[in-house]
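Here are some notes to read alongside the model, written as numbered points. Please keep the structure open while you go through them.

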Amino acid sequence: MGELYHKIKEYVQMDYYPFHMPGHKRSLLGKTALPVGEIDITEIEGFDNLHNATDILKRLQDKASLAYGAEESFYLVNGSTSGILSAISAALPAGGKLLMVRGCHKSAFHAVYLRDLEVKYLWSGEDEDYGCNLVVTPEQVEQALSDDDDIQAVLIVSPTYEGIVADVEAIARAVHKRGIPLIVDEAHGAHFGFHPAWPENSCRLGADLVVHSLHKTLPSMTQTAILHVNGKLVNRDRLKRFLQIYQSSSPSYVLMASMEEAIEITSTRSKELFDVFLGHWKAMMRELDGCKWIKCLQKKGMDIGKLVVRDSSGLLSGQQFYKLLQDRFHLQMEMASGRYALAMFTIGDKQEAYERMTKALLEIDEECGKKAETVQGNKQRQKACSVITDKTERLYTEQKLSLKHAWDSETKEVLLEESSQYIAGEFIYLYPPGIPLIVPGEEFTDELCIIIKRNIDMGYNVQGVIWHSGQCYVKVVV
């Protein structure tokens with residue numbers, strides 16, 4: 001166990017009575033938090049303060065910096081969302097201009113709103129077979145920067161939700177030629193850099209600000225993340241100010257102890273844990289290579305552990321694939337899109353995970369083969385293809401108003417099918433992954449309305465729409 005956990009355990013075994021928060025007083029009446037309740041403390045004497053760390057929390061964050069190759073690191077108890085908000089806010093002045101990937105998480109758009117930023121978007125494109133977002137290239141970044149001298153910072157996503165990795169090192173060089181900072185949303189890459197079979201993390205590739213969501217791929221509790229900073233292009237006092245603004249003033253010591261342990265375990269046992277991970281992964285992929293219909297997304301430098309699977313016969317949409325794995329095989333996937341389903345593997349998975357997934361996919365592949373050439377199979381394929389749309393499919397529309405202006409404006413509700421040419425007054429996105437289909441200030445189009453309706457019909461979690469008497473409405477600027 002880590003230093004912070006031991007220190008808390010030693011303290012609670014003494015006879016100090018807690019005349020302080022939290023209100024359960026380490027003697028919980030309910031049962032939900034019993035396993036962690038006795039170590040759930042607040043900022044008491046000897047336990048430092050996250051927002052002015054000088055003792056144990058400073059030491060632990062310094063250890064995290066060493067593990068990731070960063071100059072300075074900050075624990076995030078409000079998840080990677082607080083890191084993205086803080087990074088963008090610190091990197092640009094209010095009203096500044098940000099170059100960002102349009103496929104960013106909603107938290108990046110919230111930062112744009114809060115700081116009233118002007119935005120220029122990078123368009124990453126989509127994979128032709130899977131329909132998932134690709135990553136932006138250094139050439140795209142260089143071109144965008146040469147086209148606009150007013151850009152003050154760049155934000156990219158790497159890896160994507162599906163595990164596709166950008167050339168961060170080359171992008172960092174292009175950005176630094178302009179003397180501006182590069183922010184990398186590396187939320188899904190907290191495990192990068194600990195083993196040569198995986199990509200290097202962006203701290204060591206030249207990024208100025210890097211956000212890692214520890215709970216996504218490391219053995220850490222939900223809501224834990226970390227923000228790293230390098231170089232002199234971002235004012236660190238400003239960064240600390242925004243971390244205090246966007247994070248709770250009562251940080252959870254349970255979460256911080258979990259972060260310490262996750263980073264310590266991952267760094268000190270990296271070869272052992274990742275070698276086992278790699279061995280299981282390779283064995284599974286060797287067997288799945290024999291599939292005729294079930295295909296796995298494979299890109300150069302892609303994150304090992306993101307299993308993106310689709311039925312190339314067309315019998316199963318991504319949502320049907322997802323439901324089949326859930327209902328028949330009791331395998332809960334991370335998400336589904338129009339053409340594929342996504343599973344996440346980490347160092348926390350045992351051999352059983354690989355064996356069960358392999359067995360299920362081989363069985364489904366065999367069934368697809370039997371059905372593919374039958375009359376019934378042809379009908380099923382036609383039906384699936386007629387409703388397939390991509391959860392990550394993007395039909396980006398024209399920005400008519402700034403995000404802040406539109407989101408702060410008076411709105412009214414109109415039927416989705418009648419919203420074309422209105423200006424959006426609310427975000428509409430699918431969760432997961434939380435990437436907006438339309439942003440306040442952008443214009444609805446007939447094509448976008450069709451995409452939104454298809455996703456609703458497919459049973460995806462479409463957020464930002466309103467239902468009245470079985471009809472779908474959207475908020476538009478008056």
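**Notes on the model**

1. Let's begin with a strand pair: Tyr429 stands opposite Gln463, a residue of β15. Strands here are DSSP runs of E with at least two residues, helices are runs of H or I with at least four residues, and both are numbered from the N terminus. β13 and β15 pair in the antiparallel sense over two bridges, where pairing requires that DSSP finds at least two bridges between the strands. The open sheet has three strands in the order β14-β13-β15, with antiparallel pairing. Its edge strands, β14 and β15 (462-463), each pair on one side only. As background, strands of a sheet pair through backbone hydrogen bonds, either parallel or antiparallel.

2. A word on how to read these points. This is a predicted model, in which local features need pLDDT of at least 70 and side-chain atom pairs count only at pLDDT 80 or more, while totals for chains, interfaces and linings use all residues. Residues are numbered from 1 along each chain as its sequence is written, and side-chain values use heavy atoms, with hydrogens and water left out.

3. Two cis peptide bonds deserve a look. One joins Ser158 and Pro159, with omega about 0 degrees; Pro159 sits in the loop between β4 (153-157) and α7 (168-176). The other runs from Tyr431 to Pro432, with omega near -10 degrees. Pro432 belongs to the loop between β13 (428-430) and β14 (435-438).

4. Asp48 has a phi of about 65 degrees and lies in the loop between α2 (34-37) and α3 (56-68). For His330, phi is near 55 degrees, and its loop is the one between α12 (318-327) and β10 (335-336). Are they buried or exposed? Asp48 is buried, at 13% relative accessible area, whereas His330 is exposed, at 60%. Here buried means under 20% relative accessible area, exposed means over 50%, and partly exposed is in between, using a 1.4 Å probe and protein chains only.

5. Helix α9 (residues 236-246) has Leu239, Phe242, Leu243 and Tyr246 as its buried residues. Seen down the helix axis, they fall within an arc of 110 degrees, so they line one face of α9; the arc is that of the directions from the axis to the C-beta atoms. The face turned away from this buried side carries the exposed residues Asp237 and Ile245. What do the buried residues of α9 pack against? Their partners are β1 (72-76), α4 (79-91), α5 (106-114), β6 (209-212) and β7 (225-229), with contact meaning heavy atoms within 4.5 Å.

6. At the start of α9, a side-chain oxygen of Asn235 comes to within 2.9 Å of the backbone nitrogen of Asp237. A polar contact is a pair of N or O atoms within 3.5 Å; within protein, one must be able to donate a hydrogen and the other to accept it, and residues adjacent in sequence count only if both atoms are side-chain atoms.

7. One of the partners of α9, strand β1, is largely enclosed by the rest of the structure, because five of its five residues are buried. Glu72, Phe74 and Leu76 point one way from β1, and Ser73 and Tyr75 the other way. Five bridges join β1 to β7, and the two run antiparallel. Within this pairing, Glu72 has Val229 of β7 as its bridge partner.

8. Please also check Glu186, in the loop between β5 (182-185) and β6. Glu186 is buried yet has no salt bridge, and the nearest side chain of opposite charge, Arg204, is 8.8 Å away. A salt bridge is a side-chain nitrogen of Lys or Arg within 4 Å of a carboxyl oxygen of Asp or Glu; Lys and Arg count as positive, Asp and Glu as negative, and His and the chain ends are not counted. Leaving aside neighbours within four places in sequence, Glu186 is in contact with residues including Ser158, Pro159 and Asn201.

9. Finally, Asn201 is in the loop between β5 and β6 and counts as buried, at 0% relative accessibility. The Asn201 side chain reaches the backbone oxygen of Tyr68 at 3.2 Å.
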